[in-house]
Amino acid sequence: MQKLNYLNKIVASGLVVVIRADSPEQACRIAEACAAGGVTAMEVTFTFAGAVDAIAELAKVHRSGDILVGAGTVLDPETTRHALLAGAQFIVSPSCNADVARMCRRYQVPYMPGAGTSQEVVSAMEDGADIVKLFPGEALGPAFVRALRGPLPHAPLMPTGGVSVENAAEWIKAGCVALGVGGNLTKGAKTGDYQSITKLARQLVDSIQSARKEVAK
């Protein structure tokens, strides 16, 4: 039930923010700016020292469940378990790892591995991926999603990389269940402009919901 609740929240929002920061403090400030903009799922990547500390702090602050806190750039089961103990509620990887998938199934948390070809998408789903992260999104584009959904209409796809306010609607209309957005949303943190992050987050959330309404017509 826990896993279903997490997945439903991610899909309902349609947006997962990828947080790459210089410190746990900066990661938490980015997360709070995104939350103010309506974001309900955030992925703290294991690409900086203190990622576990940031996950633990955010999980503590948002223990009510208003925000889902996940771990990204997870490459092995050891890191997976470390992230889960810190409070991570979903796991994201740049590629699929069967051992990571198994760990996520064991503890019933969503697993979102990366894929860049139709074969990788199928393999990820066979290994138990709950949502397949299309990566790198900027190299694939919405046209790839439309083509892929011909033979694989059941594939739950989430592009990451190159997704922005300008093209978010196009990705959703192509058939994606959610979007992963990183630097295009969080770049204001480099200059301390967290208000711009909140503004862009709100625009992304609104764009996703508007596109879904158009698709549903």
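This is a predicted model: local features need pLDDT of at least 70, side-chain atom pairs count only at pLDDT 80 or more; totals for chains, interfaces and linings use all residues.

Me: OK. How many helices and strands in the protein?
Reply: The protein has 10 helices and eight strands.

Me: And what's the radius of gyration?
Reply: It's 16 Å, which agrees with the value near 17 Å that a compact globule of 217 residues would have. The C-alpha atoms fill a box of roughly 45 × 35 × 30 Å along the principal axes.

Me: What share of the residues is buried?
Reply: Buried residues are 52% of the 217. As for contacts with a separation of 6 or more, 59% link residues 24 or more positions apart.

Me: Switching to strands. Where does S2 sit, and how many of its residues are buried?
Reply: S2 covers residues 41-45, and five of the five are buried, so the strand is largely enclosed by the rest of the structure.

Me: Which of its side chains point which way?
Reply: Ala41, Glu43 and Thr45 go one way from S2, while Met42 and Val44 go the other. In a regular strand, side chains alternate between the two faces of the sheet.

Me: What about S1 and S2, parallel or antiparallel?
Reply: Strand S1, residues 15-19, runs parallel to S2, and three bridges join them.

Me: Which residue in S2 is the bridge partner of valine 18?
Reply: That's glutamate 43, which is buried.

Me: Last topic, charges. How many positive and negative side chains?
Reply: There are 21 positive and 20 negative ones, and the centres of the two sets lie 6 Å apart.

Definitions and conventions: Residues are numbered from 1 along each chain as its sequence is written. Side-chain values use heavy atoms; hydrogens and water are left out. Helices (H or I, at least four residues) and strands (E, at least two) are DSSP runs, numbered from the N terminus. The radius of gyration is taken over C-alpha atoms; the globule rule is 2.2 Å times the number of residues to the power 0.38. Buried means under 20% relative accessible area, exposed over 50%, partly exposed in between (1.4 Å probe, protein chains only). Contact means heavy atoms within 4.5 Å. Lys and Arg count as positive and Asp and Glu as negative; His and the chain ends are not counted. The place of a charge is taken as NZ of Lys, CZ of Arg, CG of Asp or CD of Glu. Two strands pair if DSSP finds at least two bridges between them.
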